[in-house]
Amino acid sequence: MTPAWALRREESLSDCIVSPDVFHPMVDRLAAFVVPYQQAREAEAGQRNMHLYLQGLLSHLPGKNAEDIATFINVQRQGMQEFIGTASWDHRPLIEV
């Protein structure tokens with residue numbers, strides 16, 4: 001990144017900082033929105049993890065990786081890593097929803 005672009009980026013970011021508190025009401029609405037998608041998942045763990053993962057993505061965390069999200073939402077890291085990266089699941093029911 002060029003020095004001029006880095007400076008402009010910092011100026012832009014300082015103009016558009018949004019408090020993480022803005023997103024708290026969204027998490028509640030997200031819980032209702034995600035229900036049909038959760039029901040499309042067969043496994044109970046997948047249903048639960050879908051909401052928790054989205055909650056982590058909307059959080060104030062600077063890094064949105066499985067370990068940080070798991071720590072933030074207070075679940076086991078391995079379960080979140082599996083949900084995000086290695087669990088096999090059929091995407092077609094989600095597309096139908």
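This is a predicted model: local features need pLDDT of at least 70, side-chain atom pairs count only at pLDDT 80 or more; totals for chains, interfaces and linings use all residues.

Colleague: Which residues make the contact?

Modeller: From H5 there are Ala66, Glu67, Ile69, Ala70 and Ile73, and from H6 there are Arg77, Met80, Gln81 and Ile84. Sorted by class, that contact has 6 nonpolar, 1 polar and 2 charged residues.

Colleague: And which residues of H5 are buried?

Modeller: H5 covers residues 66-73, and its buried residues are Ala66, Ile69, Ala70 and Ile73. These residues span an arc of only 100° around the axis, so they sit on the same side of H5.

Colleague: What do those buried residues pack against?

Modeller: The buried residues of H5 pack against H4 and against H6, which is helix 77-86.

Colleague: What about the loop between H5 and H6, which residue lies there?

Modeller: Asparagine 74 lies in that loop. Its phi is near 65°, a positive value in a residue other than glycine.

Colleague: Is asparagine 74 buried or exposed?

Modeller: Exposed: its relative accessibility is 68%, and the cut-off for exposed is over 50%.

Colleague: Switching to H2 and H4. How do they pack?

Modeller: H2 (residues 24-33) and H4 (residues 44-57) pack at about 155°, and their axes are 10 Å apart. H2 and H4 are therefore roughly antiparallel to each other. H2 passes H4 in a right-handed crossing.

Colleague: Which residues make that contact?

Modeller: H2 contributes Val27, Leu30 and Ala31, while H4 contributes His51, Leu54 and Gln55. By class, the contact of H2 with H4 has 4 nonpolar, 2 polar and no charged residues.

Colleague: Last one, glutamate 11. Where does it lie?

Modeller: Glutamate 11 lies in H1, which runs over residues 3-15. With a relative accessibility of 38%, glutamate 11 counts as partly exposed.

Colleague: How far is glutamate 11 from alanine 45?

Modeller: Their C-alpha atoms are separated by 42 Å, and the two residues are 34 residues apart along the chain.

Colleague: Great, thanks!

Note on methods: Residues are numbered from 1 along each chain as its sequence is written. Side-chain values use heavy atoms; hydrogens and water are left out. Axes are lines fitted to C-alpha atoms, for helices over the stretch in contact, and angles run from 0 to 180 degrees between N-to-C directions. Helices (H or I, at least four residues) and strands (E, at least two) are DSSP runs, numbered from the N terminus. Angles under 35 degrees count as roughly parallel, over 145 as roughly antiparallel, 65 to 115 as roughly perpendicular and the rest as oblique. A crossing is left-handed if the near helix is turned anticlockwise from the far one by less than a right angle, and right-handed if clockwise. Contact means heavy atoms within 4.5 Å. Ala, Val, Leu, Ile, Met, Phe, Trp, Tyr, Cys and Pro count as nonpolar, Asp, Glu, Lys and Arg as charged, and the others, Gly among them, as polar. Buried means under 20% relative accessible area, exposed over 50%, partly exposed in between (1.4 Å probe, protein chains only). The arc is that of the directions from the helix axis to the C-beta atoms.
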